[in-house]
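Here is a short briefing to read alongside the structure. Take a moment to turn the model around before you start on the points below.

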Protein chains: 2
Amino acid sequence: MAQLDRRPDQKFRGRATIRDIADLAGVSIATVSRVLNDRPDVSPETRESVMQVVRKHGFTTNRGARGLSSGRTGIVGLTLPLVNDAYFGPILSGASEALYEQDMRIMLCPTLHEHDREVSLLDRLTRGTTDGAILMLPEESSEELQHLQEIGYPFVVVDPREPPPPGVPCVSAMHSTGAKLATEHLLELGHRHIGAIGGSPGWYANDERVIGFRAAMAAARLLPDPDMILYGDWSIPTGEQAAEELLSRPDPPTAIFCFNDNAAIGALNAARRHGISVPDELSIVGFDDTFQATIVTPRLTTVRQPLAELGRMGVSLLTRLIEGQRLDALRIELATELVIRESTAPAPVG
Amino acid sequence: MAQLDRRPDQKFRGRATIRDIADLAGVSIATVSRVLNDRPDVSPETRESVMQVVRKHGFTTNRGARGLSSGRTGIVGLTLPLVNDAYFGPILSGASEALYEQDMRIMLCPTLHEHDREVSLLDRLTRGTTDGAILMLPEESSEELQHLQEIGYPFVVVDPREPPPPGVPCVSAMHSTGAKLATEHLLELGHRHIGAIGGSPGWYANDERVIGFRAAMAAARLLPDPDMILYGDWSIPTGEQAAEELLSRPDPPTAIFCFNDNAAIGALNAARRHGISVPDELSIVGFDDTFQATIVTPRLTTVRQPLAELGRMGVSLLTRLIEGQRLDALRIELATELVIRESTAPAPVG
DNA sequence: TTCCGTTCCGTAAACGGTTCCGGTACCGTC
DNA sequence: GACGGTACCGGAACCGTTTACGGAACGGAA
């Protein structure tokens with residue numbers, strides 16, 4: 001009989017286990033597991049009757065236990081420098097939404113940009129708790145990533161700091177084309193004396209944007225002037241500082257291309273302090289199109305990165321990797337797009 | 001001998017297990033476990049020699065397995081409406097940092113404000129994967145929370161939507177005192193005709209702020225005027241809309257107290273559209289002191305909530321709960337503080 | 001009828017830990 | 001010398017699943 005042999009029908013001590021469900025449904029544990037995992041080898045009637053009990057008790061399988069026995073936990077790790085950030089926030093958000101749709105859970109690992117922390121966190125992730133990981137702007141060196149790769153641990157990097165070693169899947173945005181777009185926009189507005197405020201030199205995103213900037217300038221037959229591009233660390237203060245320097249020069253630029261919105265906000269501040277009106281006297285374009293770009297005055301013309309989409313794409317690659325599928329394309333670059341708002345205008349005459 | 005009986009000393013097939021460590025150290029599995037968990041009943045020498053092997057191989061215990069056998073996984077669930085949000089971001093950030101310090105991991109569950117999603121997520125969390133949970137602005141009804149409580153699942157709510165049922169630990173900020181502070185500030189500046197833009201009526205945070213606002217007004221012998229307080233949903237557009245209405249009246253207020261920074265930003269927009277200068281003609285104060293308050297023009301005078309601290313405090317309560325300690329105080333309210341910046345000024349004369 | 005193939009399902013062995021329950025060695029005491 | 005106590009450690013059961021394997025029941029072909 002499908003009767004209580006171990007436990008009464010009433011409420012279980014804690015939550016129901018697969019065994020409880022099996023008892024209740026009058027089948028073996030194995031069968032319940034098969035039903036739960038959509039395996040064949042179960043008759044439709046049995047499947048249905050098991051499902052009824054499952055539904056009735058709101059049973060869900062214990063992922064820890066599943067991880068133990070099958071090696072698949074349904075949890076993926078996600079490392080990122082900061083969780084509370086206009087830039088990483090949307091990526092995380094996109095990734096988490098995609099993961100939810102796949103019925104996978106997220107193990108969140110903020111690294112605060114600390115290399116050691118990231119390494120140790122990652123090390124733990126590989127130890128059975130997770131099926132794979134998404135590494136956002138990873139702190140790891142190429143060797144470390146390669147090692148991870150050799151271990152056979154599935155992971156993908158989103159928004160790489162440096163070009164990742166061959167073979168590791170990676171999604172980023174088209175930095176150089178975005179930068180080119182922004183610069184061309186400034187050029188079309190008649191600006192010729194254009195400054196740039198970069199991010200951290202050596203970072204992939206920064207260097208690519210420099211390339212795009214230079215390319216557009218070159219195409220307009222403007223000689224590259226190293227003095228016109230200053231570097232910061234993607235933050236508002238360093239952006240402000242760089243803009244300050246640019247604007248204090250004898251012949252300040254009429255436009256500044258900032259490599260991220262933070263720098264652009266900093267530039268806005270500097271301009272305000274100098275009594276320079278944006279966009280009438282100075283055009284500013286940002287990069288990323290974070291939320292901040294729309295609440296600042298004037299609203300920023302900026303290059304949109306599909307941030308949430310970066311996250312979604314990352315999990316898409318990752319799940320395929322976990323499934324053991326061979327990836328067709330390891331490198332994915334998402335298109336960027338210029339969003340014109342109020343911080344750019346035709347170059348002042350004279 | 002401490003020699004290889006199952007596995008050679010070289011690299012293991014995957015990661016080392018506790019059994020590998022035990023073999024290598026020449027002790028039993030149980031002993032390794034004791035060492036790892038800082039249990040007594042191990043001699044200092046044994047402990048040290050085991051630790052050496054552990055360190056050498058960078059061994060860390062498989063949390064899923066631990067969860068299975070001991071019931072403690074070292075993972076806590078964290079539900080919140082949005083991960084990419086100026087308000088929740090800092091709370092999440094604070095919580096994650098505190099959790100990291102406790103060597104606990106986070107299972108992130110964004111609910112997108114969907115009740116069903118939150119319930120199902122939470123249901124899964126209780127099933128063995130987590131030791132407890134932090135519920136940020138939970139969607140759950142009191143009954144649901146109470147049920148969770150009865151199950152014996154440890155959880156704490158941070159920033160409750162409604163006053164939680166008795167017995168459930170909960171941390172929030174001093175909304176009404178904060179609102180009182182803000183209103184008094186406006187009053188001191190000479191404003192007498194003060195409007196307010198609330199959030200969602202019925203929410204604890206909103207209602208408390210209404211109380212604080214009214215209290216300060218009453219103390220200044222100003223009669224409460226229901227027309228002067230409009231409600232939105234904490235977003236910029238609804239804030240803007242409410243401000244629009246306030247400013248379109250025959251006798252518009254000289255100051256608006258917004259119940260969050262979003263609404264304040266909306267009010268800023270509305271004022272700009274009306275050609276009303278802030279703060280000269282209109283004072284605006286926000287609430288929360290999110291990052292946005294400082295990048296907007298003019299920078300917002302606002303009431304600071306210790307957001308990160310809310311998160312930290314939440315995990316502090318939760319860990320105590322998990323340890324089985326009785327909590328001294330179930331309700332915790334963190335102090336709020338007025339931050340005066342540029343969006344408030346003395347009331348215009350006449 | 002016998003035999004083979006399917007289809008469906010149960011048994012039991014892992015998975016990697018924790019912890020209860022003892023067992024040994026060694027010490028001091030009578 | 002016998003005994004009890006303590007400190008330390010190992011054996012083994014168990015946590016909740018998955019899955020390889022085998023067995024029963026049944027149908028069709030020889």
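**Two chains and how they meet**

Chain A has a radius of gyration of 26 Å, whereas a compact globule of 350 residues would have one near 20 Å. Keep in mind as you read that this is a predicted model.

**Chain A on its own**

- Along its principal axes, the C-alpha atoms of chain A fill a box of roughly 95 × 40 × 35 Å.
- Twelve helices and twelve strands make up the secondary structure of chain A.
- Of the 350 residues in chain A, 51% are buried.
- Counting contacts in chain A with a separation of 6 or more, 69% are between residues 24 or more positions apart.

**How the two copies are related**

- Two copies of a chain are related by a rotation about an axis and a shift along it.

**Where the chains touch**

- In the interface, 33 residues of chain B are in contact with 33 residues of chain A.
- On the side of chain B that touches chain A, the elements giving two or more residues are helix 4 (63–70), helix 5 (88–101), strand 2 (105–110) and helix 6 (115–129) of chain B.
- Which of these gives the most to that side of chain B? The answer is helix 6 of chain B, with six residues.
- Sorted by class, the side of chain B that touches chain A holds twelve nonpolar, 15 polar and six charged residues.
- Strand 2 (residues 105–110) of chain A pairs with strand 2 of chain B in the antiparallel sense, over three bridges.
- Met107(A) has Met107(B), in strand 2 of chain B, as its bridge partner.

**A closer look at Ser141(B)**

- You can find Ser141(B) in the loop that runs between strand 3 (132–136) and helix 7 (142–151) of chain B.
- Ser141(B) has 14 other C-beta atoms within 10 Å, so Ser141(B) is partly exposed; a residue would need 20 or more to be buried, and 12 or fewer to be exposed.
- Ser141(B) and His115(B) are 26 residues apart along the chain, and their C-alpha atoms are separated by 9.3 Å.

How values were computed:
Residues numbered from 1 in each chain as written. Chains lettered and ligands numbered in written order. Predicted model: local features only at pLDDT ≥ 70, side-chain atom pairs only at ≥ 80, totals over all residues. Helix = DSSP H or I, 4+ residues; strand = E, 2+ residues; numbered from the N terminus. Rg over C-alpha atoms; globule rule 2.2 N^0.38 Å. Contact = placed C-beta atoms within 7 Å. Nonpolar A, V, L, I, M, F, W, Y, C, P; charged D, E, K, R; others polar. Pairing = 2+ DSSP bridges.
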